[in-house]
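Work through the exercises below with the sequence and the structure side by side. Each task is followed by a solution in steps.

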Amino acid sequence: MRTGLVRAGPRRAGGWTVVELMMALGVLAVLLGLALPAYQSHRNKALSKRAAQDIVMMSAAIEAYWTDNRAYPASLADVGFGGRQDPWGRAYAYHNVDALGRGRARKDRALNPINTDFDLYSVGADGQTHGQVSHRRSADDVLRANNGRFIGLGAEF
């Protein structure tokens with residue numbers, strides 16, 4: 001006598017097949033490929049903003065030094081920022097334009113000095129810079145220009 005039950009084939013063990021696993025890893029790789037550049041861009045913008053804030057603070061200390069001494073400091077150590085590092089772990093660059101000479105100061109696209117008092121900048125994420133701020137190696141530099149009226153990325157100057 002038959003009871004009407006149909007016997008199923010062999011029971012499948014739980015888990016993913018190799019094809020399902022490879023598809024899941026492929027989707028994950030695509031998502032990471034899209035998200036990682038966006039994260040890096042956001043991170044670099046945040047670090048550049050922090051460097052700009054540091055430059056504003058150090059510029060104020062340098063201006064206060066000038067007010068007290070009628071001369072710009074020889075180095076950042078003279079205003080208490082000697083060991084200060086930018087967000088990428090490199091020392092900030094400072095040059096007294098009067099001591100350095102305007103011929104050796106950083107320049108804009110038309111080769112005019114970007115500051116007449118002092119240069120203060122970070123070499124940015126790539127760690128490279130150039131004397132002319134319109135050069136591609138200076139594009140990510142965070143700099144002070146126009147005697148403090150501009151503080152931002154070299155690419156935006």
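**Exercise 1.** Is glutamate 63 buried, partly exposed or exposed?

Solution. The model is a predicted one. Step one: take the relative accessible area of glutamate 63, which is 29%. Step two: compare this with the cut-offs, under 20% for buried and over 50% for exposed. Glutamate 63 is therefore partly exposed.

**Exercise 2.** Find the salt-bridge partner of glutamate 63, and state where the two residues lie.

Solution. Step one: glutamate 63 forms a salt bridge with arginine 144, and their closest N and O atoms are 3.7 Å apart. Step two: glutamate 63 belongs to helix 1 and arginine 144 to strand 3 (residues 142-145), so the bridge ties together parts that are 81 residues apart in sequence. Step three: arginine 144 has a relative accessible area of 2%, so this residue is buried.

**Exercise 3.** Identify the network of salt bridges that includes arginine 144.

Solution. Step one: arginine 144 also forms a salt bridge with aspartate 117, where the closest N and O atoms are 2.9 Å apart. Step two: aspartate 117 sits in the loop between helix 2 (97-100) and strand 2 (118-122), and the pair links distant parts of the chain, 27 residues apart. Step three: both arginine 144 and aspartate 117 are buried.

**Exercise 4.** Count the salt bridges, then describe the one made by arginine 84.

Solution. Step one: recall the general point that side chains of opposite charge can pair when their charged atoms come close. Step two: with a limit of 4 Å between a side-chain nitrogen of Lys or Arg and a carboxyl oxygen of Asp or Glu, the count is 4 salt bridges. Step three: one of them joins arginine 84 to aspartate 54, with 2.9 Å between the closest N and O atoms. Step four: arginine 84 is in the loop between helix 1 and strand 1 (93-96), while aspartate 54 is in helix 1, so the bridge ties together parts that are 30 residues apart in sequence. Step five: arginine 84 has 29% relative accessibility and so counts as partly exposed, whereas aspartate 54, at 8%, counts as buried.

**Exercise 5.** Describe the largest pocket by its volume and its lining.

Solution. Step one: the largest pocket holds about 210 Å³ of space. Step two: it is lined by 14 residues, and those closest to its centre are Asn44, Lys45, Ser48, Leu153 and Glu156. Step three: helix 1 (18-69) and strand 4 (150-153) are the elements that give two or more residues to this lining. Step four: helix 1 contributes the largest share, 6 residues. Step five: sorted by type, the lining has 5 nonpolar, 5 polar and 4 charged residues.

**Exercise 6.** Name the residues of the nonpolar surface patch of about 780 Å², then classify leucine 21.

Solution. Step one: the patch is made by Trp16, Val18, Leu21, Met22, Leu25, Leu28 and Leu32. Step two: leucine 21 is part of helix 1. Step three: its relative accessibility is 42%, so leucine 21 counts as partly exposed.

**Exercise 7.** Where is lysine 107, and how far is its C-alpha atom from that of serine 134?

Solution. Step one: lysine 107 lies in the loop between helix 2 and strand 2. Step two: lysine 107 has 16% relative accessibility and so counts as buried.

Methods. Residues numbered from 1 in each chain as written. Predicted model: local features only at pLDDT ≥ 70, side-chain atom pairs only at ≥ 80, totals over all residues. Heavy atoms only, no water. 1 Å grid on protein atoms, 1.4 Å probe; cavity = no way out; pocket = protein on both sides within 12 Å on 5 of 7 lines; lining within 4 Å. Points joined across faces, edges and corners; volume = space filled by probe spheres on them. Helix = DSSP H or I, 4+ residues; strand = E, 2+ residues; numbered from the N terminus. Nonpolar A, V, L, I, M, F, W, Y, C, P; charged D, E, K, R; others polar. Patch = residues over 30% accessible without salt bridge, like charges linked within 9 Å, V, L, I, M, F, W, Y side chains within 5 Å. Areas by Shrake-Rupley, 256 points an atom, 1.4 Å probe, with all protein chains shown as cover. Buried < 20%, exposed > 50% of the residue type's maximum accessible area, 1.4 Å probe, protein only.
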